Amino acid sequence: MKITESQLALVNDRIRALIASNSFYGKKLEEAGITEVKTAEDFEKLPFSEKKDLRDAYPLGLMTAPEEEIVRIHSSSGTTGTPVIIPYTQKDVDDWGEMFKRCYETAGITNKDRIQITPGYGLWTAGIGFQNGCEKLGAMAIPMGPGNTDKQLEMMVNLESSVICSTSSYALLLAEEIEKRGIKDKIKLKKGVIGSERWSEKMRNSIAEKLGIELYDIYGLTEIYGPGIGINCEHNTGMHIWDDYLYLEIIDPVTGKNVPDGEEGEIVITTLVKEGAPLIRYRTHDLSRIIPGECPCGRKYPRIDTIKGRTDDMMKIKGVNVFPSQIEEVLGQFPEISSEYQIRISHLDGKDTMRIYVETNGSVDFENLSKRIAEKVKSRIGFTPIVKVVENGVLPRSMKKTARVIDERFD
Ligand SMILES: [Zn+2]
């Protein structure tokens with residue numbers, strides 16, 4: 001996948017706007033002597049932008065449109081360090097809404113649907129993004145925000161919500177709660193739009209089965225509008241990305257070179273029409289790949305695979321590089337365990353130790369299961385973990401994102 005002529009023209013337009021506004025990025029481009037790019041090869045030589053650059057521009061150094069055109073800011077929820085502030089013009093807000101509307105439509109959601117929105121409203125882009133797209137579509141938004149499971153279920157039953165929007169963790173929590181309370185026949189949900197954290201196939205299947213609904217993965221990040229820049233279609237062959245608004249590349253995270261379609265790497269995004277804070281070649285640190293070929297649905301929008309993790313998820317244990325997704329793949333081969341797991345890494349007597357907690361029901365021989373999982377993990381990552389088997393429901397559930405890796409080595 002190469003950048004097209006029309007996409008290049010849009011990039012040049014953004015480069016000119018960045019320089020003219022004297023924004024943080026404009027200055028960087030000017031210092032590098034860049035005023036335009038003529039070819040796809042030129043484009044691939046443009047410097048990357050990084051989260052750190054965005055933090056350095058705090059508070060409003062990214063602002064590229066005149067102040068009177070800025071209608072809103074959003075901020076990334078970064079738990080450490082300076083936050084990132086992204087200014088939006090009215091056009092940016094509208095464009096984002098259009099993209100989100102397209103996501104709902106791709107998932108087969110219409111203006112007859114009632115959409116229960118559980119992501120948070122506020123500085124971050126979650127709830128308000130789901131809401132904006134829902135209103136553009138003409139569907140009925142039920143703007144719950146996170147938490148208060150009793151109230152969520154009450155509204156879901158009484159208002160007959162047909163779509164649930166949430167993180168995968170919260171969708172699982174709700175699904176288990178519905179099962180526990182025996183109210184599944186009162187639930188009218190048909191679809192779930194799930195975003196903001198990586199989830200395993202196992203978890204996906206578990207939620208879909210418990211609720212009896214179709215699930216759609218939505219993609220996005222605060223730095224680039226927010227959620228809604230791509231979603232999978234009914235064929236579930238990866239997420240279509242709206243390439244009339246964004247240009248997407250996959251690079252080798254170490255060398256920074258573009259990798260061929262189909263190969264895994266880090267997602268890099270360029271905004272093609274954003275006014276408030278355009279970004280050129282923004283490194284997302286999300287790992288995925290472009291799915292080559294055309295989708296059976298006939299949509300021409302390029303597709304990326306489910307997010308495999310983040311470049312910064314990598315754990316170094318006993319000198320070996322391990323990604324949580326590798327452990328997850330192994331656990332996926334054991335039908336007798338639930339989708340929930342926890343990895344704890346500690347340092348005892350001068351040695352790293354990895355413990356993996358998994359859940360199952362009482363009919364399984366815990367000791368034998370633990371041994372079989374440990375063997376499989378060893379064959380995948382090269383060393384033997386300690387596997388602890390617990391009863392279903394013992395591991396923590398979360399209303400936002402579930403922390404699955406706890407590194408106690410540096411406490
Ligand atoms: Zn498709």
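Good morning. I begin with cysteine 295, which counts as buried because its relative accessibility is 5%, under the 20% cut-off. Please bear in mind throughout that the structure shown is a predicted model.

Nine strands form an open sheet with mixed pairing, in the order β4-β3-β5-β6-β7-β8-β9-β14-β13. Its edge strands are β4, residues 140-143, and β13, residues 290-291, each of which pairs on one side only. Within this order, let us consider β3 and β5. Strand β3 covers residues 114-117 and strand β5 covers residues 163-166; the two pair in the parallel sense over three bridges. Isoleucine 115 stands opposite valine 163 of β5.

Next, the surface. Leu60, Ile73, Leu123 and Trp124 make a nonpolar surface patch of about 340 Å². Of these residues, isoleucine 73 lies in strand β1, which spans residues 70-75. Is isoleucine 73 buried, partly exposed or exposed? Its relative accessibility is 32%, so it counts as partly exposed.

Some points of backbone geometry remain. Tyrosine 58 and proline 59 are joined by a cis peptide bond, with omega at about 0°. Proline 59 is placed in the loop between α4, residues 51-56, and β1.

There are also positive phi values to report. For asparagine 22, a residue other than glycine, phi is positive and near 60°. This asparagine 22 is found in the loop between α1, residues 5-21, and α2, residues 24-31. With a relative accessible area of 45%, asparagine 22 is partly exposed.

Aspartate 349 is likewise not a glycine, and it has a positive phi of about 50°. Where is aspartate 349 found? It sits in the loop between β18, residues 337-348, and β19, residues 351-360. Aspartate 349 counts as exposed because its relative accessibility is 80%, and the cut-off for that class is over 50%.

Note on methods:
Residues numbered from 1 in each chain as written. Predicted model: local features only at pLDDT ≥ 70, side-chain atom pairs only at ≥ 80, totals over all residues. Heavy atoms only, no water. Patch = residues over 30% accessible without salt bridge, like charges linked within 9 Å, V, L, I, M, F, W, Y side chains within 5 Å. Areas by Shrake-Rupley, 256 points an atom, 1.4 Å probe, with all protein chains shown as cover. Salt bridge = Lys/Arg side-chain N within 4 Å of Asp/Glu carboxyl O. Helix = DSSP H or I, 4+ residues; strand = E, 2+ residues; numbered from the N terminus. Buried < 20%, exposed > 50% of the residue type's maximum accessible area, 1.4 Å probe, protein only. Pairing = 2+ DSSP bridges.
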